[in-house]
Amino acid sequence: MSYGSRGAVTCQLSSQARKSPLLRYRLRDETRKRPRRMESQGSSEVLVSSRKRRRERESSYCESEDSEKPGKVPRCTVGLKQPAPFADELVPTKAPYLRVNMETAKRGTPPDRPVRVYADGIFDVFHSGHARALMQAKCLFPNTHLIVGVCSDDLTHQFKGFTVMNEDERYDAISHCRYVDEVVRNAPWSISPEYLAKHRIDFVAHDDIPYSSAGSDDVYKHIKEAGMFAPTQRTEGISTSDIITRIVRDYDVYVRRNLQRGYTAKELNVSFINEKKYHLQERVDKVKRKVRDVEEKSKEFVQKVEEKSIDLIQKWEEKSREFIGNFLQMFGPEGALKHMLKEGKGRMLQAISPRQSPNSSPAREEERSPSPTFRLPFFNKTSPPPSPPHHSAARSYPISEDDDEDDED
């Protein structure tokens, strides 16, 4: 293969890049960094160094995906627009089958010769555990072409049991997984050497737990002995059997769910009596939900009333304290009303008391008896006793305004 220019490399590896999006992006980076022209004398050295750098980048890429806490990676769009092709629809390769060993595969192979890894299974109710296993198989080597074999319904029902999805649905689900490069329909239950040679398989990926089936303690035993086995790890907590167990355990819930979605009892294989029972249960549950909603709303209402009552009580206490304080300030022992009454009393006394004449003689003033003090009945409860006369000859008589006028005359 000639590495003289970036266009030549792209043309030679276009078929491989279409099958593997990851290879396409790595090839794009390599062709950008590859010099346009190389001297014939030093071309081999530059090629070896470029391959070495590529292997280091690819190994670091796969290691970062396998780590538990991967670092942040640049944002990119892979651009997968078509599902993976089926093996019987591809053009057969006429080149001789030369298998790659483990050391060569780990070091990295040329772009036109990826390591062909095979993973088989039932893949019923395709879930994240299946996707993670295929991702591990894809990242086993720097340059991997992942082939996935899916067993047919006849083999699966014979050796494992009934499936939820039929074989066509399982084929289609696998072909739309982003890690898969090629899908083999009607895959065999046990892998034979002829099958390995037909699909040019280098390694077989599966979890390391012995898989006993079809009268064998481990169907991958001969693959392990041949050094073609690449182990992967199972994802704990999820499997097809676990998902089916959840559905069987909550069978009534899912039957009622589908009845609500419009499925008929005949489609669900439910008898007439059970159908009526499920409808009755649904009505009872609706009543319970309504009662629960009413209880929650009543609790919220009571809580709001309590909060408002507490606020009203606090405001009432504040207002009552303010009212009592204002009342004491007005009507208390030292309140403003007492001072107002004292002040009014003094002004009334000043207004009622007689005025002294400026022309009166001292003798006449001595002869005149002092005017009695005028007191209002509502200021003192008991009137004071009359004062004794100063002179025996003087008479006590009431003072009136006419007398004051006569005195002035």
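Which side-chain oxygen reaches the backbone nitrogen of D168 at the start of α8?

**View 1. The start of helix α8.** Here a side-chain oxygen of N166 comes to within 3.3 Å of the backbone nitrogen of D168. Helices are DSSP runs of H or I with at least four residues, strands are E runs of at least two, and both are numbered from the N terminus. A word on the model: it is predicted, so local features need pLDDT of at least 70 and side-chain atom pairs pLDDT 80 or more, while totals for chains, interfaces and linings use all residues. Residues are numbered from 1 along each chain, and side-chain values use heavy atoms, without hydrogens or water.

**View 2. The buried side of α8.** In this helix, residues 167-175, you will find R170, Y171, I174 and S175 buried (under 20% relative accessible area, 1.4 Å probe, protein chains only). They lie on the same side of α8 because they cover an arc of only 135° around its axis, taken from the directions from the axis to the C-beta atoms. Their packing partners are α6 (128-138), β2 (144-150), α7 (153-159) and β3 (182-185).

**View 3. I174 and the largest nonpolar core.** Leaving aside residues up to four places away in sequence, I174 touches F123, F126, L134, V148, V150, V180 and V183 (heavy atoms within 4.5 Å). I174 is also among the residues with the most contacts inside the largest nonpolar core, which has 21 residues. Such a core is a set of buried Ala, Val, Leu, Ile, Met, Phe, Trp, Tyr and Cys residues joined through side-chain atoms within 4.5 Å. At least two core residues come from each of β1 (115-121), α6, β2, α8 and β4 (203-207).

Note on methods
Buried means under 20% relative accessible area, exposed over 50%, partly exposed in between (1.4 Å probe, protein chains only). A polar contact is a pair of N or O atoms within 3.5 Å; within protein, one must be able to donate a hydrogen and the other to accept it, and residues adjacent in sequence count only if both atoms are side-chain atoms.
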